[in-house]
Amino acid sequence: MDHKKLKIVLEEKNQPAFRYKQITKAILRDAITSFEDISTLPKELRAILSEELPILPFTLMNVVISADKRAMKALFMLSDGKIIESVLISPKPGMWSACISCQVGCAMSCDFCATGKLGLKRDLTTDEIVSQAIFWRGYLKNEKIDGTYANIVYMGMGEPMMNWDNVKESIEVLTDADLCNFPNRGLSVSTSGIVSGIKKFADTFGQVNLAISLHFASDEKRSKYMPVNKGNNLEQLKEALQYYLRKNKRKLFIEYIMLDKINDTHEDAVMLAEYLRSVGTMHLLHVNLIRYNAIDGDHVPSTKNTVQNFKKDLDDLGISATIRKSIGDDIHGACGQLAGHVVRERRDKQE
Ligand code: SAH
Ligand code: SF4
């Protein structure tokens with residue numbers, strides 16, 4: 001629900017000031033999914049709001065649930081017919097994390113990512129971003145799924161720093177105690193390494209987590225698989241990371257996708273360790289190793305054994321690292337697989 005529009009509608013209808021708080025609480029915090037269900041509102045006002053203000057700015061097309069029931073993927077149709085995906089995963093029993101999108105497609109063209117293959121269609125509005133998180137809160141409630149709704153991660157479709165104004169506003173709305181009231185520390189933003197964006201983020205959000213999709217520790221390889229590296233090379237990225245760490249003294253997450261024989265050798269581990277050491281403040285850096293999730297026939301994930309060895313190499317080199325378990329790949333809801341349905345359909349047509 002667009003809270004700014006709500007304010008205007010209520011003013012136009014000469015409603016008392018407390019109505020705004022009453023409605024934002026019901027919709028944005030208590031996961032009530034229809035104005036009709038806000039029993040404290042006069043009947044007439046419920047009808048006006050239902051007519052004038054969509055609670056969600058998109059239509060739910062379907063929800064697909066993984067076999068282990070630890071991942072659910074929703075497909076939403078936006079008002080202009082474009083489609084986005086949003087995922088709810090349970091990284092631990094009793095804990096839920098929403099992975100939300102900030103753009104339709106993405107312009108960054110990372111070679112291993114399904115969203116990147118779509119190109120950028122458009123930015124999402126603040127309301128479209130926030131509403132994904134609100135949708136999942138309502139879904140947990142309505143489906144009577146137990147557990148804490150603990151995290152919201154900007155790791156769905158799109159590059160957050162390329163839609164900075166709306167992403168910034170969405171974080172403000174999500175964490176505002178009078179609006180959605182999510183804890184700052186429960187939010188994480190992931191970026192492919194846009195230097196100017198990392199600096200703005202550091203200046204604006206001291207409590208929200210930041211993850212950097214590093215994936216390669218040599219400029220040559222990084223530029224080959226991640227075109228973003230051409231204008232934001234490893235040296236420039238290092239300065240941005242140092243800026244962030246100086247300002248926030250908070251743990252910074254380094255994402256490292258593992259691609260067979262491309263970035264998973266002992267030499268790659270040594271290069272990664274050297275790069276991270278050069279950033280400094282080692283105790284604030286934590287590496288997440290993510291086995292590549294297949295999206296097409298282009299690449300092969302590193303073997304589980306290789307991932308284990310890579311982690312051991314990092315341990316020996318004094319770098320703290322975790323192997324991130326992939327959740328939801330059977331419903332194509334894992335990292336980098338969003339919009340995979342479009343890529344698969346396209347490929348099927350070509351064959
Ligand atoms: N655009 C942002 C956030 C969305 S992508 C970013 O790139 O950081 C979320 C994470 O999934 C990123 O770390 C991204 O590099 C990773 N990813 C992309 N494609 C993937 C794939 N096929 N397998 C595993 N991880 C992938
Ligand atoms: Fe965009 Fe992130 Fe995918 Fe790269 S990995 S194409 S930045 S969504």
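**Domains and ligand shells in a predicted model**

The C-alpha centres of domain 1 and domain 2 lie 33 Å apart. The model discussed here is predicted.

Q: How many residues does each domain give to the contact between domain 1 and domain 2?
A: The chain is divided into domain 1, residues 1-55, and domain 2, residues 57-350. Contact is counted for heavy atoms within 4.5 Å. On that basis, domain 1 gives 14 residues and domain 2 gives 15 residues.

Q: Which residues of domain 1 lose the most area to domain 2?
A: The two domains bury about 1100 Å² between them, and carbon and sulfur atoms give 52% of this area. On the side of domain 1, three residues together account for 46% of what is buried there. They are Leu-28, Arg-29 and Ala-31.

Q: Which strands each supply at least two residues of the shell around ligand 1?
A: The surroundings of ligand 1 comprise 18 residues, and the closest are Phe-112, Gly-158, Ser-190, Ser-213 and His-215. By class, the shell holds seven nonpolar, nine polar and two charged residues. The strands asked for are strand 8 (187-191) and strand 10 (252-258).

Q: What percentage of the area that ligand 1 exposes when taken alone does the protein bury?
A: An oxygen atom of ligand 1 lies 2.6 Å from a polar side-chain atom of Ser-190, and an oxygen atom of the ligand is 3.4 Å from a polar backbone atom of Thr-191. A polar backbone atom of Asn-293 is 2.9 Å from a nitrogen atom of ligand 1. Taken alone, ligand 1 exposes 530 Å², and the share buried by the protein is 96%.

Q: How many residues of the shell around ligand 2 are nonpolar, polar and charged?
A: The residues around ligand 2 include Cys-106, Cys-110 and Cys-113, together with Met-108. Also among them are Ser-109, Gly-116, Gly-158, Glu-159 and Ser-192. Sorted by class, the shell has four nonpolar, four polar and one charged.

How values were computed: Residues are numbered from 1 along each chain as its sequence is written. Chains are lettered from A and ligands numbered from 1 in the order in which they are written. This is a predicted model: local features need pLDDT of at least 70, side-chain atom pairs count only at pLDDT 80 or more; totals for chains, interfaces and linings use all residues. Side-chain values use heavy atoms; hydrogens and water are left out. A residue is near a molecule or strand if one of its heavy atoms lies within 4 Å of it. A polar contact is a pair of N or O atoms within 3.5 Å; within protein, one must be able to donate a hydrogen and the other to accept it, and residues adjacent in sequence count only if both atoms are side-chain atoms. Accessible areas come from the Shrake-Rupley method with a 1.4 Å probe; for residues, only the protein chains shown count as cover. Helices (H or I, at least four residues) and strands (E, at least two) are DSSP runs, numbered from the N terminus. Ala, Val, Leu, Ile, Met, Phe, Trp, Tyr, Cys and Pro count as nonpolar, Asp, Glu, Lys and Arg as charged, and the others, Gly among them, as polar. Domain bounds come from an automatic or database domain assignment. Buried area is the accessible area (1.4 Å probe) that two parts lose on being put together, summed over both.
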